[in-house]
Amino acid sequence: MKKLFVIVLAILSCNAANGGNDLFDFDESDFRAQMQNLNDLEEFLMVHEGLTYLDLAAHHEHLASHVMEDPFSATSWSREPAGIPSFWWGCIGGILGIIAVFLITQDEEEARRALWGCITGYLVLIGAGLTYLILLVTLIE
Amino acid sequence: MRWLVFLFFVHFFELPHAFGQQVYRITGKFSIKVKQGETGNLTMGQFYFDAGTNSILYKVRFPAQEMWLLRGQKMHRIIGDSIITRDSIMGAVDFSLFNLTVNNQLGNYGLKDSPFKITEVRKEGDLVVSTWSPPEQLSKLMGKVLISQKNRRLHAVVFLNPKGEVVRKQFFSTYQKIGNLFFPTEIIDLFYLDGEIITHQMTTYSDIQLNATDEAHLYNFDLAGVGKP
């Protein structure tokens, strides 16, 4: 059974620098310090099950101030192939771009965006060609 | 464009392998803590992984009650009786901790059956480090992936860009033996930009159960029963 392989998105989505020889190390104490407020909030919520962000904001404002309401605000999940909007896949890649978008995302909506990109790309191309022809004819006359 | 198709298609998991250890369902509590600059995020709830339907349902209780259903390459965000969004998330189920663990692929992060080839294995102290290189035609786009194992269990994964710079580090720890599986219950994720960590992330799992029979409807969640906004 074939599966899509996409770990590349995670790899392509960032640019960064090498850590040198300590590839498998990190500053754990700094990491724990970064997480302290979130750990405190987590412990509070384990005791007070059922509380939502809105409850927290209403009655425990100091705890709510450490987090955002939308769980997706800090995530990097992306539906766009390789982080490039589907429109541009179609615009630049043409028909092959649309196929690529559909194969990668298996998403008709994304493929549709690529299709509009493809149509736009061809219209721009046709427009440029006509402009070139008109200019050429004008110059010849 | 053929390289593009090749990039994303691989022979990955064979379905029979999913049942090799007779584990077809995993459930437990989860929490995801993300710190990005001054921005924090906490998500807590219960997860339900089902190998048969290749799906994971996250029943979120904080910050708000909602569900995220990952099935195949799609993620459905369900709030109340409505599907709010449908996103394509590549490999979200295939590369999940649950699927890799059940398929006994966690040790190599699922790269064994991917276009990546193992190019070096060395010992560094108590770590066994393997280097996985992308195929030549992709080497300008993707860097190497280094995997370290400690006591034969996945310890860390380091992603490099083509220049050899670190873009992401993942650390797997606090393994628990659940049935026949060794499951890492703490995963630390560090994302880098220009040599600096830009995002700290910690995922923890607890109260893990295998092949639970209660709440069966959540393992095979029926999307047809959910209306549209």
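Among contacts in chain A of this predicted model between residues at least 6 apart in sequence, 47% join residues at least 24 apart, where contact means heavy atoms within 4.5 Å. For chain B, the share of contacts that join residues at least 24 apart, again among those between residues at least 6 apart, is 41%. Residues are numbered from 1 along each chain as its sequence is written, and chains are lettered from A and ligands numbered from 1 in the order in which they are written. Because the model is predicted, local features need pLDDT of at least 70 and side-chain atom pairs count only at pLDDT 80 or more, while totals for chains, interfaces and linings use all residues; side-chain values use heavy atoms, with hydrogens and water left out.

Chain A contains six helices and one strand, the elements being DSSP runs numbered from the N terminus, with helices (H or I) of at least four residues and strands (E) of at least two. Along the sequence these elements are arranged as β-α-α-α-α-α-α. Of the 141 residues in chain A, 34% are buried, where buried means under 20% relative accessible area, exposed over 50% and partly exposed in between, computed with a 1.4 Å probe on the protein chains only. The accessible surface of chain A is about 8,400 Å², and carbon and sulfur atoms account for 61% of that area; such areas come from the Shrake-Rupley method with a 1.4 Å probe, and for residues only the protein chains shown count as cover. Chain B, by comparison of the listed elements, has four helices and 14 strands. Buried residues amount to 57% of the 229 residues of chain B, and this chain exposes about 10,000 Å², with 50% supplied by carbon and sulfur atoms.

Leu54(A), placed in helix α3 (residues 53–59) of chain A, counts as exposed because its relative accessibility is 57%. A distance of 38 Å separates the C-alpha atoms of Leu54(A) and Asp25(A), which are 29 residues apart along the chain. Glu42(A), in helix α2 of chain A, is buried, since its relative accessible area is 9%. Apart from neighbours within four places in sequence, the contacts of Glu42(A) are with Ser31(B), Lys33(B), Leu42(B), Met44(B) and Thr204(B).

The second largest pocket holds about 510 Å³ of space. On a 1 Å grid over the protein atoms alone, a pocket is an open set of points where a 1.4 Å probe fits, with protein on both sides within 12 Å along at least five of seven lines, and lining residues have an atom within 4 Å of a point; grid points are joined across faces, edges and corners, and the volume is the space filled by probe spheres set on the points. Its lining comprises 25 residues, of which Lys29(B), Met44(B), Gly45(B), Gln46(B) and Arg61(B) are the closest to the centre of the pocket. Two or more lining residues come from each of α2 (28–47) of chain A and β2 (25–36), β3 (39–50), β4 (55–62), β5 (66–71) and β14 (196–210) of chain B. The lining divides into eight nonpolar, nine polar and eight charged residues. In this division Ala, Val, Leu, Ile, Met, Phe, Trp, Tyr, Cys and Pro count as nonpolar, Asp, Glu, Lys and Arg as charged, and the others, Gly among them, as polar.

Val102(B), in the helix α3 of chain B, is buried with a relative accessible area of 1%, and its C-alpha atom lies 9.0 Å from that of Arg25(B), 77 residues apart in sequence.

In the backbone of chain B, the peptide bond from Phe62(B) to Pro63(B) is cis, with omega near 10 degrees, and Pro63(B) falls in the loop between β4 and β5. Asp194(B) has a positive phi, near 50 degrees, and is exposed, with a relative accessible area of 62%.
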